[in-house]
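Please describe the structure shown below, with attention to its sheet, its helices and its charged pairs.

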Amino acid sequence: MELLGWVFIALAVICMALGALRFFALRSRGSTVLLRVLPASGNHGWRHGKIQYSGDTLSYYKLRSLIPRADIILDRTYLSVEGHRELGTSEREFMPTAVRILTVKSDSATYEIAATRHIIMALISWIESAPDPRQEKTDYKSLTQRIGRQREQG
């Protein structure tokens, strides 16, 4: 019974350490957003988090997650802006009124991102400034690195 207590304490310490690491690593970086995967009905599926975009990747970190890496990683080459909308009446109950909602489609899913106008404008600019993949020269070194990353994630 005493061993079970020590195991429980060790698990609690590990969870607290992972939570603290994620909190302090993300607190000052990125932009605060709400994100949900479509299709979703009503107010269901919204998750608070932070987005960080660097180079050609957009990383989304959920607020209530202990995973030390990003929860969603999107490649800018395959992102497209589908549209934007204002808050619905039921969404005004839990979101600030200065928020707009952007619909973004990737090669694997469609997302809604709720953020302030400045964050939405910066995100749209970042997505639309991506070079067209048909016009880029083939860089075999980056291609082999990308294949290696996909094997690690999969």
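## Helix, sheet and salt bridges

Leu3 has its place in helix α1 (residues 2-26), where helices (H or I, at least four residues) and strands (E, at least two) are DSSP runs numbered from the N terminus. This is a predicted model, in which local features need pLDDT of at least 70 and side-chain atom pairs count only at pLDDT 80 or more, while totals for chains, interfaces and linings use all residues. Residues are numbered from 1 along each chain as its sequence is written, and side-chain values use heavy atoms, with hydrogens and water left out.

At 66% relative accessibility, Leu3 counts as exposed; here buried means under 20% relative accessible area, exposed over 50%, and partly exposed in between (1.4 Å probe, protein chains only).

Seven strands form an open sheet in the order β4-β3-β2-β1-β7-β6-β5, with antiparallel pairing; two strands pair if DSSP finds at least two bridges between them. Because β4 (72-75) and β5 (80-85) stand at the edges with a single partner strand each, one side of each is left without a neighbour in the sheet. Within the sheet, β2 and β3 (residues 57-62) pair over six bridges, and Lys50 stands opposite Tyr61 in β3. Five bridges join β1 to β2, with Gly49 in β2 as the bridge partner of Val33. Five bridges also join β1 to β7, and Leu34 stands opposite Ala114 in β7.

The loop between β1 (31-38) and β2 (47-54) holds Pro39, and the peptide bond from Leu38 to Pro39 is cis, with omega near 5 degrees. In general, most peptide bonds are trans.

The count of salt bridges comes to six, a salt bridge being a side-chain nitrogen of Lys or Arg within 4 Å of a carboxyl oxygen of Asp or Glu. Three of them are listed here.

| Pair | Closest N to O |
|---|---|
| Glu112 and Arg36 | 2.8 Å |
| Arg76 and Asp56 | 3.0 Å |

Glu112 in strand β7 and Arg36 in strand β1 are 76 residues apart, and both residues are buried. Arg36 and Glu112 also belong, with Arg85 and Glu91, to a network of salt bridges. In the second pair, Arg76 counts as buried at 11% relative accessibility, whereas Asp56 is partly exposed at 30%. In the third, Arg100 is buried with a relative accessible area of 18%, while Glu86 counts as partly exposed at 41%.
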